[in-house]
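Okay, thanks for coming, everyone.

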Amino acid sequence: YIRGARANGMLTTAKHFPGHGNTATDSHVGVPVVNDDLDHLRAVDLPPFQKAIGAGVDAVMTAHVRVLALDPDPGRVATTSPAIMTGLLKNQLGFKGIVVTDALDMAGLVGLYAKNPGRVAVDAFKAGSDVLTEPYNLDACYRAMLDAVRSGEIGQDRLDASVLKILQAKASLGLEKSRLVDVAAIPRLV
């Protein structure tokens with residue numbers, strides 16, 4: 001599917017990394033916990049992502065789940081965990097594409113950042129995300145990101161790398177030439 005979609009001018013996304021199947025809580029309302037050990041994760045949860053990366057998937061979306069075998073910090077979910085997003089996804093699995101957060105306005109994640117709602121954006125970006133999706137408090141996230149860049153907490157090189165990935169993805173679709181979809185062509189193309 002990934003190869004076919006890409007061959008026909010579409011971007012693809014694998015989600016929700018590092019796996020969201022074996023949880024008892026909906027991440028829209030709480031913080032799910034994955035209690036599986038590392039052997040189980042390597043045998044069950046990670047292989048689909050490894051295959052997707054091998055097939056050239058363009059983006060990987062994060063999961064707002066605690067995976068204690070990968071990051072024992074009880075205050076972190078995968079989305080905000082450098083050990084999971086950079087250490088595992090980028091360094092160990094070799095993913096070079098765009099890392100997209102799941103919606104940052106989901107209740108479980110919002111609850112973790114109730115005292116400082118903008119910090120979720122900084123933590124997710126520092127963990128390895130390139131695109132910060134649907135912040136609960138857009139203004140707070142925007143200001144927190146600006147402050148983090150201005151203070152040097154987020155380096156200009158790191159910010160530029162994410163922007164470049166996004167621009168390259170857009171250019172791969174020719175969006176710098178034509179940003180609109182020809183709606184009349186949909187029945188012929190699909």
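Before I point at the helices, a word on what I mean by an axis: it's a line fitted to C-alpha atoms, for helices over the stretch in contact, and the angle between two axes is taken between their N-to-C directions. And keep in mind that what you're looking at is a predicted model.

So, which two helices am I on about? Helix α5, residues 119-127, and helix α6, residues 138-151: their axes come within 7 Å and cross at roughly 50°. That makes α5 oblique to α6. The crossing, as α5 passes α6, is right-handed.

Who's actually touching whom there? From α5 we have Arg119, Val120, Ala121, Val122 and Phe125, and they meet Cys141, Ala144, Met145 and Ala148 of α6.

Let me stay with Phe125 for a moment, which sits in helix α5. Is Phe125 buried or exposed? It's buried, at a relative accessible area of 3%. Leaving aside residues up to four places away in sequence, Phe125 touches Asp130, Leu132, Met145, Ile154, Arg158, Leu159 and Ser162. Arg158 is the one I'd zoom in on: its charged end sits over the ring of Phe125, 3.9 Å from the ring centre. Phe125 also has Thr79 at 8.8 Å, C-alpha to C-alpha, and those two are 46 residues apart in sequence.

Now over to Tyr142, in helix α6. Tyr142 is exposed, because its relative accessible area is 52% and the cut-off for exposed is over 50%.

Next, aromatics. How many aromatic pairs do we get? The count is 1. That's Phe17 with Phe49, edge-to-face, 5.0 Å centre to centre and 85° between the planes. Phe17 is in strand β1, residues 13-17, and Phe49 is in helix α2, residues 38-54, so the pair ties together parts that are 32 residues apart in sequence. Both Phe17 and Phe49 are buried.

Last stop, Thr12, in the loop between α1 and β1. Thr12 is a buried one, with a relative accessible area of 4%. Again skipping residues up to four places away in sequence, Thr12 touches Tyr1, Ile2, Ala5 and Arg6, along with Val57, Asp58 and Ala59.

Terms used
Residues numbered from 1 in each chain as written. Predicted model: local features only at pLDDT ≥ 70, side-chain atom pairs only at ≥ 80, totals over all residues. Heavy atoms only, no water. Phe/Tyr/Trp six-rings, centres within 6.5 Å; stacked < 30°, edge-to-face > 60°. Helix = DSSP H or I, 4+ residues; strand = E, 2+ residues; numbered from the N terminus. Buried < 20%, exposed > 50% of the residue type's maximum accessible area, 1.4 Å probe, protein only. Lys NZ or Arg CZ within 6 Å of the ring centre and 35° of its normal. Axes fitted to C-alpha atoms, helices over the stretch in contact; angles between N-to-C directions. Parallel < 35°, antiparallel > 145°, perpendicular 65-115°, else oblique. Left-handed = near helix turned anticlockwise from the far one by under 90°. Contact = heavy atoms within 4.5 Å.
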